[in-house]
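The sequence and structure are shown first.

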Amino acid sequence: MTTSMPAAPFADPAPAPRLERAAAALTAHGFTVEILDDAAAARTRVKELIPEGASVFTGASETLRLSGIDEDINGSGRYASVKARSTTMDRATQLGEIWRMIACPDVVVGSVAAVTETGSLVAASASGSQLAGYSGAAARAIWIVGAQKVVPDLGTALRRVEDHCLPLENERAMKAYGQPSALNRLLILNAEPHPGRGTVLLLREAIGY
């Protein structure tokens, strides 16, 4: 007789030992990792990490929106917000310039769909706008990651993207844009070859999806 396995609890925050294993593996792979208590701590830390006046692009992220980090970056006037500037530009005639700004800011800030205990980050996107910066085009990258996104391995991470994140993002996109999202682009970061470039703020609480 075949016994079906229960679905992975992708919304439940990982306990401390799993967070620590993920942090240790990411650190071994060249990422800078900090384990923080909550989104409020991450919000404070992001302000400390990004110098005033830096050009910053924020990837679309419920984690950034719910934490207030998106508004801090794009609405405070403290930084040169790529997102704010791009909204004033003509997409018919300046699209190439917009994409170059998005790809190569001083700092890209966002989240990921999953972090593995073996030390990988997995990001998914419909447009791919944040992925060039994540993968190396931005001078620095900062990811804020809720504890529910920590999974044992890459296979589980990919299941989390398709079974958990995509349905929730579809729901958000329908409300925001009147059309569903799509898993058009997938980025797996197995290591950071440039020390100090990639920072992961790993939270003890769940936030985003």
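Strands β2 (55-58) and β4 (residues 107-110) pair in the parallel sense over three bridges; β4 and β7 (140-145) also pair in the parallel sense, over four bridges. Helices (H or I, at least four residues) and strands (E, at least two) are DSSP runs numbered from the N terminus, and two strands pair if DSSP finds at least two bridges between them. The model is predicted: local features need pLDDT of at least 70 and side-chain atom pairs pLDDT 80 or more, whereas totals for chains, interfaces and linings use all residues. Residues are numbered from 1 along each chain as its sequence is written, and side-chain values use heavy atoms, without hydrogens or water.

| Pairing | Sense | Bridges | Partners |
|---|---|---|---|
| β4 and β7 | parallel | four bridges | Gly110 and Trp143 |

From β4, Val107 and Val109 point one way and Val108 and Gly110 the other, all being buried (under 20% relative accessible area, 1.4 Å probe, protein chains only).

Trp143 also belongs to the largest nonpolar core, of 30 residues, where it, Phe31, Leu121 and Val200 touch the most other members. Such a core is a set of buried Ala, Val, Leu, Ile, Met, Phe, Trp, Tyr and Cys residues joined through side-chain atoms within 4.5 Å. Its largest share, four residues, comes from α1. Contacts of Val200 (heavy atoms within 4.5 Å) include Phe31, Leu121 and Trp143. Another core, of 19 residues, lies apart from it and includes Ile50 and Ile142.

Notes. Buried means under 20% relative accessible area, exposed over 50%, partly exposed in between (1.4 Å probe, protein chains only). Lists of a residue's contacts leave out its neighbours within four places in sequence.
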